[in-house]
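Here are my notes for your first pass through this one. Have the viewer open while you read, and take the points in order.

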Amino acid sequence: MTYDIILAMKIMGIETSCDETAAAVVEDGSNILSNVVASQVDIHARYGGIVPEVASRQHLITILPIVKHAISLAKVSFTALDAVAVTYGPGLAGSLLVGVNFAKAIALSFDLPIIGINHLEAHIYANWLTQNQLKFPCLCLIASGGHSDLILMTGHNKFKKIGRTRDDAAGEAFDKAARILDLGYPGGPVIQASASNGIPSVRLPRAWLRGSDDFSFSGLKTALLHLTQSPDYLKNYSISDVAASFQQAIVDVLTQKTIQAAIRLKVKQILVSGGVAANSALRDQFVKESPIPVIIPPPYLCTDNAAMIAACGYYMFSQNGSSHYDIDVVPSLSI
Ligand code: KG4
Ligand code: ZN
């Protein structure tokens, strides 16, 4: 069954699954009228990672001004909205609760349907915000702080997971490596910055897991730790070269395994998304090496944002209609 979508359908997206409080208004699943993200990165940086209770309390403080800002930038009123879409999982329970309850309040106040969104599916739908030439079947790589999944997508809301990480996610590996190298937090951007001054000359392992579409990054992280503990490490290596080598190891595995699976499955396109897709080395290597067209959203739509929640909401509404008002959070939701 499909549901009728109205022309110029305006959906407010709300995202609070982790440490970004985000709200957006998107028309017809692709036209971004506003997209506001308040990052808590400075607050969590002093702890070297996300502190869940601090994150949820910060969402409570930030959500109202962020939503109001998104409404005002979009130059619409709440009454002009047609639906509200909100992330209900996966993520931190306390953080998700803030967004879901706030979305319920908006939905009830303005008599709007509420659409519960899977954050991972929304990462994939970030691709629909800048491209309207997407073709099924496509192979989607989601590389974020908590996930490294390969998803075969045969239509809207038709997902089949064919690969996952067996241990650390790619973004998590970047974050842990940055801590080992004392570069700061979050790891991806600081490793990318350091790597831009180095060359990938240090030998580090790659887990190919032949015969499987799964990933594994914990061995790479352990190898990095052992390298930094080796005698005369600082005399023998430059941090930038180590950062570039670590980044290259992750990029090689993500690109090669995704491209090989895409060729085997005879897909028409590869869609890359999630925070790690903001990495410039990954983006360059995908485009350079893939014989199949690769679509990657601009970096600001790869990391967590609410425009992707609203875009996903548009397509989910057309497939499934709205969710119930008693929608609960599901911290361990998967695809
Ligand atoms: O998708 P995202 O914003 O949040 C989750 O859903 O997890 O991804 C966050 C992850 C973090 O681990 C961060 O280090 C990584 O994405 N990341 C990057 C870059 N920017 C963010 N990793 C590599 N290179 C980047 N430029
Ligand atoms: Zn995310």
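1. Start with the ligand. Ligand 1 has 20 residues around it, and Gly 145, Asp 175, Gly 188, Gln 192 and Gly 275 come nearest; a residue counts as near if one of its heavy atoms lies within 4 Å. Keep in mind that this is a predicted model, where local features need pLDDT of at least 70, side-chain atom pairs count only at pLDDT 80 or more, and totals for chains, interfaces and linings use all residues. Residues are numbered from 1 along each chain as its sequence is written, chains are lettered from A and ligands numbered from 1 in the order in which they are written, and side-chain values use heavy atoms, with hydrogens and water left out.

2. Now the polar contacts (pairs of N or O atoms within 3.5 Å). An oxygen atom of ligand 1 sits 3.1 Å from a side-chain N or O atom of His 119. For His 123, a polar side-chain atom is 3.0 Å from a ligand oxygen. Asp 304 uses its backbone instead: a polar atom there is 3.0 Å from an oxygen of ligand 1. On its own, ligand 1 has 550 Å² of accessible area, and the protein covers 88% of that (Shrake-Rupley method, 1.4 Å probe).

3. Which parts of the fold supply the shell around ligand 1? Helix 4 (119-125), helix 5 (170-180) and helix 6 (187-195) each give at least two residues, with helix 6 giving the most, four. Helices here are DSSP runs of H or I with at least four residues, and strands are runs of E with at least two, numbered from the N terminus.

4. Why does the ligand lie between two domains? Both domain 1 (10-127 + 302-320) and domain 2 (135-296) give residues to its shell, so ligand 1 lies between them. The bounds come from an automatic or database domain assignment.

5. Last, some backbone details to look up. Cis peptide bonds join Phe 136 to Pro 137, with omega about -5°, and Tyr 185 to Pro 186, with omega also about -5°. Pro 137 is in the loop between helix 4 and strand 6 (138-143), while Pro 186 is in the loop between helix 5 and helix 6. Asp 28 isn't a glycine, yet has a positive phi of about 50°; look for Asp 28 in the loop between strand 2 (20-27) and strand 3 (31-39).

Note on methods:
A polar contact is a pair of N or O atoms within 3.5 Å; within protein, one must be able to donate a hydrogen and the other to accept it, and residues adjacent in sequence count only if both atoms are side-chain atoms.
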